[in-house]
Amino acid sequence: MWLKPEEVLLKNALKLWLMERSNDYFVLQRRRGYVEEGGGGLTGLLVGTLDSVLDSTAKVAPFRILHQTPDSQVYLSIACGANREEITKHWDWLEQNIMKTLSVFDSYEDITHFVQGKIRGLIAEEGRHSFAKEDDPEKFREALLKFGKCFGLPEQEKLVTYYSCSYWKGRVPCQGWLYLSTNFLSFYSFLLGSEIKLIISWDAVSKLEKTSNVLLTESIHVCSQGENHYFSMFLHINETYLLMEQLANYAIKRLFDKETFANDPILDDPLQITKRGLENRAHSEQFSAFFRLPKEETLKEVHECFLWVPFSHFNTHGKMCVSENYVCFASHDGNLCSVIIPLREVVAIDKTNDSSKSVIISIKGKTAFRFSEVKDFEQLVAKLRLKCGAASTQCHDISTEVPISSDSTDPSDNTEVRSLTCQRECSETVNTEALMTVFHPQSLETLNSKMLKEKMKEQSWNILFAECGRGVSMFRTKKTRDLVIRGIPEALRGELWMLFSGAVNDMAANPGYYAELVEQSLGTCNLATEEIERDLCRSLPEHPAFQNDTGISSLRRVLTAYAYKNPKIGYCQAMNILTSVLLLYAKEEEAFWLLVAVCERMLPDYFNRRIIGALVDQAVFEELIRDHLPQLTEHMTDMTFFSSVSLSWFLTLFISVLPIESAVNVVDCFFYDGIKAILQLGLAILDYNLDRLLTCKDDAEAVTALNRFFDSVTNKDSPLPSSVRQSSNVSGEKGNYIRVDITDLIRESNEKYGNIRYEEIHSMRCRSRLYVIQTLEETTKQNVVRVVSQDVNLSLHELNELYVLFKKELFFSYYWCLSCPVLKYHDPSLPYLEQYQIDCQQFRMLYQLLSPWAHAANKDSLALWTFRLLDENCDCLINFKDFSSAIDTMYNGSFIDKLKLLFKLHIPPVSKPPNVKKVASLKNSPEKGKGKVDIQAYLSQWEDELSKKEENIKDLPRMNQSQFIQFSKTLYNLFHGDPEEESLYQAIAFVTSLLLRMEEVGRKLHSPTASAKEFSGTVCASGGPSEGKTESHLKKDPSSLREEPQWSFAFEQILASLLNEPALVRFFEKPVDVKVKLENAKTSQLSCRTKI
């Protein structure tokens, strides 16, 4: 165990301890006379007696580790151990994690301070974990107080967990504490008077990975906004990394993925996120992905046990996983055996009376599964009986062997009966046969050598069914995988696709749902249906099934029904190609549920506007190429080539590049192995063409080489007739392209790259997702800045900094203001400028941070009026273009521009609240994302934009009496605190008097009795503001404004008067240091938010 560092005098210690290992900084010692076998002789007896005398509380541990300071007799004890194994583990950790690091320090004193801090951190870490196991909240409460004190974040910021670690500042590590909260990664260190404080928001993280180098054997690398941060020396680095990965991806989904956020109740309230909750969520996601279960399934229990495999006559060791609706089993070697048991299929649950602690689950079809050595098996049986309501027989002894009936019926039969009944009630149009059985029926008359091979394949599967069962609950073994690699027979393809994808479970849980969707979506007309109609005839046009109305109508119904079911995805290109292949081998309803499984579970985020899922998997593919084909990486100057060429591979599962008879074999493997099969095949294709690709001089030549290779891929065992087969003969000129059989290619991909694990792919996906999202966000920022830069005088760098502040202020509201009705979450389907918009409260915060007029006493009123001026469509939101135009005027505007802005702030309709009815009507027009776009509405908006640019000062309305009073007050407030404050007050008093006299003269020509003297005396007193007098005067004689004729000023009058005062002109034309203003705003933005 690690010990609190204490001094040890080595001169005396050598009499009782023997040195076993040593290096420049550490010494491992064994207690003199101690031998591990026991005994120890007379010396051991004497030392043991001495130990008892010197330390009455406990026996001295026989092993210890000391930290030595060169040229000193004083050492520090840092660890002890009861046996050699324990102390060796500590020694190895020091050598791997500390030794290389110590070489960067300049002095021995710094080394000692660092070692002391690191050991204390490890002790605290171990203590924290022991408290966590006991659910003692005291330690966590203490850490929470430190977290709040160090970083000053709002109380709503939920601390999830904390770790002791080292943060690398340059080449020197700083020992401290890493705090992980729902929105931030924070680090704090205070050693020898030096304080380090770091706060990184999860949404700004673009790279998160575990790395190692010469100094850092294992560390966590975080890249945020171009800055690299390294954290090392964790006691549990894997646990820390997985939690950081979850929190980063949680933030990405919450802030950038509107659909996921809206559909996930766990993400909806960040205050409910806990470390244990995140761990459970990760286990549930891994569980549902591995067994291809609906995403809603939550893992409830996991039991170590043995499953009896009757056809192999042995018990396989693995884990039983229990959720709300399924009992699943996977052997510790995942390829050896796995089973999925839906509770809807269970007819009985029993237990044995012997010592085997067995649970027996019987399902329809005379099949039973025996799980033995189950801990708490009695409680498990009770829970399972309660879940499925199975009528169980009384407990009795059952033989070890549980037979599996060879004539077991397909458990999906009952589901099909229910769904077909609902279909007949709802619709008569849905096809109940796969298109392949209609257009290519197999009969004895067409029997040939290929058909005989196909029958032999079917026979192999029938033998497997006899051994392993058939249907959802079949045993899935290595033999199953081998048969899939050889290619699934045409007659069984639809059934097995449904099983391996998990779509059979979705269909069983929703009987008749598809037929209802077909009825409801019939006749709908929107953007998705228009795109579907356009692509119908482009879907496998060479296949007879899609050269007539039967196939095209089925394709239309499936695609339209899915677009109706999931309008957030709707319809995307490539869905038509995939669905047409599904319809060839599966019934129409089955094809629909297969499409659901692909789009929503197996290829998440592939089929949307930004195809983020495909981009993520392409990044994973590039990483795998770097790992497995380094010579290709060195040859290619630009890795984006692989992204551009492989996009269609991922989107269509190779259907668009391979002949149909070969592509279906790839789809077989995809439904069994998921994206792993596509990645493996992609690597195998590049490996097969490696020599050709290394000789290519440019991208075009490489693309041509790959296309010719795809043309040479065949399926020699395919029973499809020649009229349907797409493989072409390779011309003699290209004779070096030898025919490649798809089965051999798939087998080779499994042999060479089958060791790629699901966990590795998941981790790479998480890392790549952060990079892809941040890249897309950077593209959005660049486009917005490019558009806005044409209308403002701010530099591109200043606009970039301003955009970061704008977006960060919006995200702060997402962090802590969950119930704000006006805020809209990120919607990438909108134009770039409309994707991020802020409300009045957020604008007020930014105004106070950035405006050169933020020191005014009425700054909140100015912020409100400015926001209303910018919010032209009255929807209570403004975009970055509106915001930057106002800031640009305040920073870089001329005297006239700034005065015009202040003038417009004080005239209607700015100073009046927005019309609520108008807001509601404008929010709905023009409609975006649904139906047809209102072109006229967009044209009118464009005309308004053009007319705005041509605005003339003569077009500005006149300012009336009350507005001019407020305008004068605002000017006085702006001058407060200025070095020329006195001269500015006198200047504005003079201008006000002059304007009033001009107005009085003009009014006397029309009404001799009118007078403006009272107002002049109210506003101008001793050259300074007289707000109280003005208000009291108006209160004393409220009828005066009504009795006297209203006077007003034009903008030209006010401008002409102010131009005659040099002090006023100097004030408004005073340059503003934009760079300093932006830097100050960046450093104080979070603290200002926290105060609120």
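The text below covers strand pairing, helix packing, pocket lining and cysteines.

The model is predicted: local features need pLDDT of at least 70 and side-chain atom pairs count only at pLDDT 80 or more, while totals for chains, interfaces and linings use all residues. Residues are numbered from 1 along each chain as its sequence is written, and side-chain values use heavy atoms, with hydrogens and water left out.

**Sheet and hairpin**

Helices (H or I, at least four residues) and strands (E, at least two) are DSSP runs, numbered from the N terminus. Two strands count as paired if DSSP finds at least two bridges between them. An open sheet is built from seven strands in the order S9-S8-S7-S6-S12-S11-S10, with antiparallel pairing. Its edge strands, S9 and S10, each pair on one side only. On average, neighbouring strands of this sheet are turned by 30° against each other, direction ignored. Helix H5 (residues 138-151) packs on the sheet and touches S6, S7, S8 and S9 (contact means heavy atoms within 4.5 Å). The direction of H5 makes about 60° with that of S6; axes are lines fitted to C-alpha atoms, for helices over the stretch in contact, and angles run from 0 to 180 degrees between N-to-C directions.

| Strand pair | Bridges | Residues standing opposite |
|---|---|---|
| S11 (residues 219-224) and S12 (residues 227-232) | six bridges | serine 224 and glutamate 227 |

S2 is joined to S3 by a hairpin of three residues.

**Second largest pocket**

A pocket is an open set of points on a 1 Å grid over the protein atoms alone, where a 1.4 Å probe fits, with protein on both sides within 12 Å along at least five of seven lines; lining residues have an atom within 4 Å of a point. The second largest pocket holds about 1,300 Å³ of space, a volume being the space filled by probe spheres set on the points. Its lining has 39 residues, and Ala204, Ser224, Gln225, Val804 and Lys808 lie nearest its centre. Two or more lining residues come from each of S9, S12, H30 (758-789), H31 (796-816) and H45 (1074-1091). H31 gives the largest share, nine residues.

**Cysteines**

There are zero disulfides (a pair of cysteine sulfur atoms within 2.5 Å) in the structure. Cysteine 874 is in none, and the nearest cysteine sulfur, that of cysteine 876, is 7.8 Å away. Cysteine 874 has a relative accessible area of 15% and is therefore buried (buried means under 20%, exposed over 50%, partly exposed in between, with a 1.4 Å probe and protein chains only). Cysteine 150 also counts as buried, at 15% relative accessibility.
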